[in-house]
Amino acid sequence: MKRQYVAIDLHSRRSLIVRNNEHGEELEVVRIENDPVALSIALAAAGPEPEVAIEATYGWYWAVDVLQAEGARVHLVDPLGLNWDSRRVKNDYRDCRELLDRLRLGILPEAWIAPPEVRELRELVRYRAKLVALRTGLKAQVKAVLSQGRTAPSN
């Protein structure tokens, strides 16, 4: 079996998967419910070690873990490097086609796929930063309320 290329436009509930052969000919377009089993089944049609492009959007961790476990060569795409603004029409299918073309040409803007341990630490740091920002905001609100009860000092 020849090398196949797969692009996934990941969303919160459903995702679109487009599969091409090495010549850029479209083999399959399928929409799946976001589920590890559904993703594994869709990827199995691409054969061994397909090249897979997936955008680094919210919630990509589980999908990348499933893809890597299935033997795919995953390319995590940096969305800031894509410059979607220059396109007149933007939809899931066209996004996947663009990812596939860039993947085959070797011009895909990639992001680093952090190992699960690093991702876990990052999540802890993000959560702590969120709590610190919340605490700071609450302190500012308390100070504002308390300062309203005071009168300005007279000279």
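Because the model is predicted, local features need a pLDDT of at least 70 and side-chain atom pairs count only at pLDDT 80 or more, whereas totals for chains, interfaces and linings use all residues. Residues are numbered from 1 along each chain as its sequence is written, and side-chain values use heavy atoms, with hydrogens and water left out.

The protein contains four helices and five strands, where helices (H or I, at least four residues) and strands (E, at least two) are DSSP runs numbered from the N terminus. Read from the N terminus, these elements follow the order β-β-β-α-β-α-β-α-α. The radius of gyration is 22 Å, well over the 15 Å that the globule rule gives for 155 residues, so the protein is more spread out than a compact globule; the radius is taken over C-alpha atoms, and the rule is 2.2 Å times the number of residues to the power 0.38. Along the principal axes, the C-alpha atoms fill a box of roughly 85 × 35 × 25 Å.

Of the 155 residues, 34% are buried, a class defined by a relative accessible area under 20%, with exposed meaning over 50% and partly exposed in between (1.4 Å probe, protein chains only). The protein exposes about 10300 Å², of which carbon and sulfur atoms supply 54%, the areas coming from the Shrake-Rupley method with a 1.4 Å probe, and only the protein chains shown counting as cover for residues. Among contacts (heavy atoms within 4.5 Å) with a separation of 6 or more, residues 24 or more positions apart account for 52%.

Neighbours within four places in sequence being left aside, His11 is in contact with Asn34 and Asp92. With Asp92, the side chain of His11 also makes a polar contact to the side chain at 3.0 Å, that is, a pair of N or O atoms within 3.5 Å in which, within protein, one must be able to donate a hydrogen and the other to accept it, residues adjacent in sequence counting only if both atoms are side-chain atoms. The C-alpha atoms of His11 and Gly59, 48 residues apart in sequence, are 8.3 Å apart in space.

Between the C-alpha atoms of Glu120 and Asp65, which are 55 residues apart along the chain, the separation is 13 Å.
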